[in-house]
Amino acid sequence: MASIRIEIPGVAPRTLPLAGQTLTLGRASDNSLTYPEDSVLSRRHLRIEADAGEWYVLDLGSKNGTVLNGRKLAERHKLVHGDILSAGSVTLTYETQASRQPDIARTIIFTPFPEEDTSSRTSVHMNLQQAVAAGKLQSALTAPTQAGTPRVQTLLDAGRELASHRPLEELFPKILSLALDAVGAERGVLLTKDGDNLNLRANHGEGFRISQSVRDRVLNGRESLLVVDVNQDEALMASRTIISSGVRSLMAVPLQTDSQVIGLLYLDSSSFLKAFSQEDLTLATVLANIAAIRIEHAHYAERAQAEKILQNELRQAAEIQISLFPAEAPAIPGYDIAGMSVPCRSCGGDYFDYVDLEGGKLGVLLGDVSGKGLSAALLLAGLQARVHVLAEQSSQADDLMAKLNRRIAPAWPGNRFMTMCILSLDPASGEFTYCNAGHNPPWLLRVNGEVEMLTEGGPVLGILKNAPYCAAGGTMNPGDILLLFTDGASEAEDAAGKEIGENGVLELLKEAKEGSSTEIIRVVYDAVQRHLAGQPAADDVTLLAIRRL
């Protein structure tokens with residue numbers, strides 16, 4: 001039986017059996033293995049196909065090529081066990097196995113007892129359930145050790161030690177110590193997986209050079225490996241790693257939970273007097289399984305604690321961000337002003353503010369940083385400080401916008417930008433100028449029912465330092481209403497994927513036009529929530545209304 005092991009950074013590896021079907025890999029959706037986010041891949045990158053009982057790989061003329069065992073694949077290649085294919089960020093390993101146990105994750109490889117046959121290393125495959133049924137597991141766990149202590153006592157000690165609430169840095173050496181004592185090994189090492197890397201967690205002894213073949217069988221094959229006598233094993237005798245280490249007998253078992261192998265436990269001995277037995281392997285395997293579950297639980301506890309700390313920090317960050325928003329709208333005779341911002345996460349990427357401009361004018365700002373969460377909130381905190389400094393030197397909306405862009409473009413990350421609309425209002429006359437930097441155009445609803453969209457301005461902020469901005473203007477007459485909003489309102493989707501839309505926001509404004517500014521933004525916000533129908537919001541919602549009385 002042949003299979004392909006699929007590995008992608010940051011994703012748990014998986015194995016796909018090959019059963020006669022042709023497999024294709026690429027970015028296009030009609031491939032057997034589709035990775036649209038991998039820009040290095042071509043739409044149809046490579047094909048794995050069966051021919052007369054053998055498997056072949058062929059590059060389909062991809063732009064960046066396919067690598068086979070470190071060399072670029074130039075022509076159709078017959079796959080053999082262990083071949084490694086690389087395409088983009090995807091690694092495929094071709095594997096063959098004559099037979100595969102239904103529960104390979106629990107397989108134990110037992111070698112015959114030395115007194116039965118040490119001339120060759122004929123392995124017998126037996127899973128734990130079969131071992132219990134045959135009475136071998138019970139005999140292994142209750143047989144006396146060399147020191148005369150029952151093996152079951154070892155498991156009781158292990159259970160007691162591993163049940164204690166030790167931090168992980170103390171847990172790893174304790175697991176290794178229990179295993180060394182249980183089987184009488186001279187040396188040992190415990191390694192855990194971190195993606196594609198193996199991290200050393202504990203060791204006893206020096207000079208470890210674990211064979212690559214041993215690691216692969218334990219980690220990839222999920223096998224517990226016992227070699228009673230290295231000198232009787234032809235495959236390992238050919239390994240310089242094993243021979244140079246002076247190893248006589250060795251065991252390697254996976255640290256395995258129900259779903260995955262999280263590491264391995266390796267034990268060896270150079271003594272002619274101490275050869276590991278089948279019972280040693282059984283005990284080490286059970287210990288490793290118990291330890292793996294305990295390690296996994298410890299990881300869960302650490303992640304839960306880290307999540308708790310993170311949530312607490314986000315809560316504090318949210319409180320700080322709320323304090324940066326205006327506590328109340330400015331009280332200007334003849335005008336009714338109200339604003340609100342509701343983040344879809346703890347912290348948001350929307351911004352609104354009121355500032356005093358030169359000449360007694362009121363500055364109104366509403367914008368949206370690309371992205372959400374804490375990173376967006378941090379950018380906004382710096383932005384607000386710049387706004388208040390620059391506002392003291394500005395009287396027009398386009399002037400303030402240009403100065404703000406020149407400040408943030410060199411300082412912001414290259415993948416971040418901001419849309420914004422700035423309004424400069426003369427309260428006495430009602431005259432205003434505005435500048436729209438790629439933001440949703442605000443709606444100006446006239447008292448006579450006419451509607452205007454405020455679209456003039458320039459590009460988004462933070463990309464081009466010297467981008468040009470222009471202003472347009474008009475006059476707010478008594479009874480006119482201006483509504484500014486972010487795309488969290490206009491792009492809110494229902495279960496069918498239908499958006500409210502900018503025109504939908506306008507209809508809501510018309511519906512609420514007789515109310516106060518506070519009532520207007522409440523009507524719009526409530527309509528967004530009804531439209532979502534209980535689904536979580538995908539974006540922050542910020543609204544700001546100005547009515548001239």
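V189 has Y266 of β18 as its bridge partner. The model is a predicted one, in which local features need pLDDT of at least 70 and side-chain atom pairs count only at pLDDT 80 or more, while totals for chains, interfaces and linings use all residues. Residues are numbered from 1 along each chain as its sequence is written, and side-chain values use heavy atoms, with hydrogens and water left out.

Strands β14 (residues 187-194) and β18 (residues 261-269) run antiparallel and are joined by 6 bridges. Strands and helices here are DSSP runs numbered from the N terminus (E, at least two residues, for strands; H or I, at least four, for helices). Both strands belong to an open sheet of 5 strands, ordered β15-β14-β18-β17-β16 with antiparallel pairing; pairing takes at least two DSSP bridges between two strands. At the edges sit β15 (197-204) and β16 (225-227), each pairing on one side only. On average, neighbouring strands of the sheet are turned by 15 degrees against each other, direction ignored.

Two helices lie across this sheet. Helix α4 (residues 168-183) lies across β14, β15, β17 (249-256) and β18, at about 140 degrees to β14. Helix α5 (residues 212-219) lies across β14, β15, β16, β17 and β18, and runs at about 135 degrees to β18. Angles run from 0 to 180 degrees between N-to-C directions, with axes fitted to C-alpha atoms, for helices over the stretch in contact; contact means heavy atoms within 4.5 Å.

Further along, helix α9 (residues 373-391) packs against helix α10 (residues 397-408) at about 135 degrees, with the axes 10 Å apart. That makes α9 oblique to α10 (angles under 35 degrees are roughly parallel, over 145 roughly antiparallel, 65 to 115 roughly perpendicular, and the rest oblique). The contact is made by L383, R386, V387, L390 and A391 of α9 and by L400, K403, L404, R407 and I408 of α10.

V387 and A391 also turn up among the contacts of V355, as do K361, L362, G363, L365 and H388, leaving aside neighbours within four places in sequence. V355 is found in strand β20 (residues 350-357) and is buried, with a relative accessible area of 5% (buried means under 20%, exposed over 50%, partly exposed in between, with a 1.4 Å probe and protein chains only). P330 is 25 residues from V355 in sequence and 9.3 Å away, C-alpha to C-alpha.

R5, in strand β1 (residues 2-8), also counts as buried, at 9% relative accessibility.
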